[in-house]
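Thank you all for making time this morning. I would like to walk through one structure with you, and I will ask a few questions along the way.

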Amino acid sequence: MDSSLRDTDLPADLSPLAWVQEELRRSLESVHKTLRRLVRDGTDNRLTAFGADAQPSLPLQQAAAQLHQVSGVLSLVGLAAGATVLRAAEAAVARLAERPLEVDAATVDTIERADFALMAYIARLLAGNKTSPLALYPSYRGLQQLNGAERIH
């Protein structure tokens, strides 16, 4: 692949990305707080709160919706790779919303690491560094493994 094709993978004008960076960070922090709160509450408290039949979790559904909105924003500003990672995170959180008793520290860590990798990627882009979207692949792979994807590429 020649360099002119690779350059089109990145947004030509990074100013829209700079405008949304802080809101993106706040949204991801909100999602992380929701996930961490459920982990901190523990399985016993979740059993009490959700019951043995474990009804879907409204806070996790809202967190998934927040990830959906943020991935849409990244698509609009031309950061398709970032939007793809957030769609995978959204799918993971939506799955957890349907089964809140499955929320555990390892799952939350995987989602957080992916989000932090995305924020670091955006920071490098905004700093003017040439960064390949492939840098996001390990995080994407981890999310897709959580989602039980058959093929990850």
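Glu-23 counts as partly exposed in this predicted model, because its relative accessibility is 43%, which falls between the limits of 20% for buried and 50% for exposed. Its partner is Arg-26, and the closest N and O atoms of this salt bridge are 2.7 Å apart. Arg-26 is likewise partly exposed, with a relative accessible area of 42%. Because Arg-26 and Glu-23 are three residues apart in helix 2, about one helical turn separates them.

Let me stay with helix 2, which runs over residues 15–50, and turn to Arg-25. Which side chains meet that of Arg-25 in salt bridges? One is the side chain of Glu-22, at 2.0 Å from N to O, and another is that of Glu-29, at 2.5 Å from N to O. Glu-22 and Arg-25 are three residues apart, about one turn of the helix, whereas Glu-29 and Arg-25 are four residues apart in helix 2, so they too are separated by about one helical turn. As for accessibility, Arg-25 is partly exposed at 30%, Glu-22 is partly exposed at 36%, and Glu-29 is partly exposed with a relative accessible area of 34%. In general, side chains of opposite charge can pair when their charged atoms come close. Here, Glu-22, Glu-23, Arg-25, Arg-26 and Glu-29 are linked in a network of salt bridges, and a search of the whole structure finds seven such bridges.

Now to helix 5, which covers residues 105–126. How far apart should the ends of helix 5 be, at 1.5 Å a residue? The 22 residues should span 32 Å, and the end C-alpha atoms are 31 Å apart, which agrees. The buried residues of helix 5 include Val-108, Ile-111, Leu-118, Ile-122 and Leu-125, but also Glu-112 and Asp-115. After the helix comes Gly-128, whose phi is positive, near 90°.

Is Thr-107 buried or exposed? It is buried, because its relative accessible area of 8% is under the 20% limit. The side chain of Thr-107 makes a polar contact with the side chain of Asp-104, at 2.5 Å. If we set aside neighbours within four places in sequence, Thr-107 is in contact with Arg-95, Leu-96, Glu-102 and Leu-146.

That brings me to the aromatic residues, where the structure holds one aromatic pair. The ring centres of Tyr-137 and Tyr-140 are 6.5 Å apart and the planes are at 45°, so the pair is tilted. Both tyrosines lie in helix 6, residues 137–147, three residues apart and thus about one turn of the helix. Their accessibilities fall into separate classes, since Tyr-137 counts as partly exposed at 29%, while Tyr-140 is buried with a relative accessible area of 16%.

Finally, a word on confidence. The chain averages a pLDDT of 86, and 84% of the residues score at least 70. Over residues 1–8, however, the pLDDT is below 50, and beyond near neighbours in sequence this stretch has two contacts in the model.

Methods:
Residues are numbered from 1 along each chain as its sequence is written. This is a predicted model: local features need pLDDT of at least 70, side-chain atom pairs count only at pLDDT 80 or more; totals for chains, interfaces and linings use all residues. Side-chain values use heavy atoms; hydrogens and water are left out. Helices (H or I, at least four residues) and strands (E, at least two) are DSSP runs, numbered from the N terminus. Buried means under 20% relative accessible area, exposed over 50%, partly exposed in between (1.4 Å probe, protein chains only). A polar contact is a pair of N or O atoms within 3.5 Å; within protein, one must be able to donate a hydrogen and the other to accept it, and residues adjacent in sequence count only if both atoms are side-chain atoms. Contact means heavy atoms within 4.5 Å. Rings of Phe, Tyr and Trp (its six-membered ring) pair if their centres lie within 6.5 Å; planes under 30 degrees apart count as stacked, over 60 as edge-to-face and the rest as tilted. pLDDT is the predictor's confidence in each residue, from 0 to 100. The expected span of a helix is 1.5 Å times one less than its number of residues. A salt bridge is a side-chain nitrogen of Lys or Arg within 4 Å of a carboxyl oxygen of Asp or Glu.
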